[in-house]
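Student: I'd like to learn how to read charged pairs in a model. Can you walk me through it?

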Amino acid sequence: MSFGPPPSIYTQSALSADTARRRRRRTTLLGAVVVAAAVALGGGGWLLASGDDGAPAGAERAVAQSPDDIRETTETVPASPEGRLMIEHDEEKLSKTNDAAPRYAPGTWATDKVMVKGVADRLEGYNIALDADEKAWSLKLDGHICATSRHVTADGRTAVVIQPPRPKGSEKDGVCDQVVFFDLDTGKKLWQKKMPAANSAYVTNTNLTLTKGVVAVAWGQGSVAYDMKSGKRLWNSSLGSKCQDKAFAGGRALLSLLSCGSLPDVTFQVQKLDPRTGKVRWTYRVASGVQTVYLPSSDPPVLAVAAGDSEVTDLISLDSVGKRRTTIGLNGYEAKCGERYFGLSFFGEYEACDGLVVGRDRAFVTSKENIAVNQPSDWIVAFDLVTGKTVGKFDGRELQKVHPLRMSGDDLLIYRSGAGTVAPAAVVRWNPRTDKETPLLLFTLPDDEDGELSDPEQSDILYQEGRVFFGKRELVADDKYPTDPVLMALAIGGAGLKH
């Protein structure tokens with residue numbers, strides 16, 4: 001069985017662009033942002049925080065990070081939540097011969113200077129300090145992107161795995177055997193290494209993560225770890241047929257997911273590793289009958305498991321030595337793990353659960369959609385990681401779904417979709433201990449893009465340094481306007497931000 005990508009996974013054909021349509025959309029968006037913010041600030045049932053000093057709960061525990069630490073930032077309340085357009089970038093020259101084949105755009109990152117987007121075989125940085133559409137840099141890669149990581153170092157570096165072109169005359173699919181470590185602010189390639197014995201690494205099974213000072217990659221038949229600073233190989237493994245390296249989870253620690261046996265009797269193990277040596281510190285054996293395991297958090301260690309189903313059915317919370325603390329049933333909830341790219345595990349998605357965020361002592365999970373009239377479209381529930389009990393609830397609104405973004409200290413950052421001209425979209429900060437909601441940004445997305453941009457299964461949604469970033473994962477030409485450019489990246493910042 002080949003694990004290579006389907007023939008149409010990447011599209012590189014050229015078309016002309018219609019820049020007039022892009023200008024019209026930008027003008028509409030800018031006007032809508034101002035109107036939405038004015039409505040919100042003028043009342044109409046919107047509650048804005050006053051007298052908040054901007055210090056998020058949990059900030060007293062924040063410590064200075066070293067450059068190689070994985071970035072953990074806390075967000076403060078801006079002077080005004082009124083949003084304004086900062087970046088809008090369209091991808092041009094999409095395929096005309098096969099409009100149904102998407103051009104994949106895996107990876108979206110942001111710093112206080114740039115928004116960075118991966119697309120096909122390149123990385124592009126868009127300068128926040130300039131007007132919309134201005135590029136800060138572009139880095140052409142030696143092949144298409146196979147795997148990305150959500151993690152960024154404290155000084156703004158991250159990595160991708162790429163797939164160099166198939167050698168001429170070869171009938172075998174190209175393998176994903178090159179790791180590229182780069183600087184987000186400058187677009188500088190810091191190092192590039194060829195992974196050892198990675199002849200079975202493809203876009204469907206290659207997984208990449210970062211932890212303090214270490215870049216780690218797994219591809220089913222093996223794994224490898226590199227030193228961030230030098231690119232030196234720290235360790236690598238090649239397991240036998242009994243167990244296979246399936247994925248890693250990084251961040252504060254390094255977890256490894258092992259798949260043991262063959263279908264239909266596959267079992268899973270999760271191990272905590274020493275990032276510098278690969279030495280196993282503890283092993284947790286997942287009960288039989290589980291079809292898939294995801295690793296949404298390494299510290300605290302939390303597993304999202306699909307028991308007897310393809311969708312995640314339970315969360316398993318472990319303690320610091322790998323012992324089970326509690327199991328949290330997710331009946332009525334959607335962790336949304338592995339649902340990107342048509343439900344396939346393209347581009348290393350074992351840490352990505354779009355309906356789930358794990359904090360220091362709580363897991364925040366999105367409910368299934370509620371279609372009842374005059375009720376919230378969905379909500380987010382906080383579960384205690386020790387007891388498994390519910391300890392908080394954040395309601396969405398009718399026609400306004402909510403999506404957990406990440407932790408900011410001990411608070412949760414939440415994206416709430418807009419409802420046309422009725423209510424703007426928002427990024428809010430929720431304190432689950434006091435149930436206080438603080439708006440950070442209010443804005444409106446373009447009507448023709450709102451549904452896709454607001455859907456975490458189709459677009460990356462980030463909030464960083466007072467700005468919200470949207471990055472589409474798949475780009476497809478419009479059937480009606482096949483020569484038009486397609487919106488790929490959008491960023492909105494607070495009106496009081498310097499630029």
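Tutor: Let's start with glutamate 91, which is buried at a relative accessible area of 2%. Buried means under 20% relative accessible area, exposed over 50%, and partly exposed in between (1.4 Å probe, protein chains only). A caveat: this is a predicted model, where local features need pLDDT of at least 70 and side-chain atom pairs count only at pLDDT 80 or more, while totals for chains, interfaces and linings use all residues. Residues are numbered from 1 along each chain as its sequence is written, and side-chain values use heavy atoms, with hydrogens and water left out.

Student: Which side chain does glutamate 91 meet in a salt bridge?

Tutor: Side chains of opposite charge can pair when their charged atoms come close. A salt bridge here is a side-chain nitrogen of Lys or Arg within 4 Å of a carboxyl oxygen of Asp or Glu. Glutamate 91 meets arginine 122 that way, at 2.6 Å, N to O. Arginine 122 is buried too, with 16% relative accessibility.

Student: How many salt bridges does the structure hold?

Tutor: There are 26. One of them joins the side chains of aspartate 69 and lysine 212 at 3.1 Å, N to O. Aspartate 69 is buried at 17%, whereas lysine 212 is partly exposed at 45%.

Student: And is lysine 393 buried or partly exposed?

Tutor: Partly exposed, at 43% relative accessibility. Lysine 393 forms a salt bridge with aspartate 395, the closest N and O atoms being 3.5 Å apart. Aspartate 395 is also partly exposed, at 37%.
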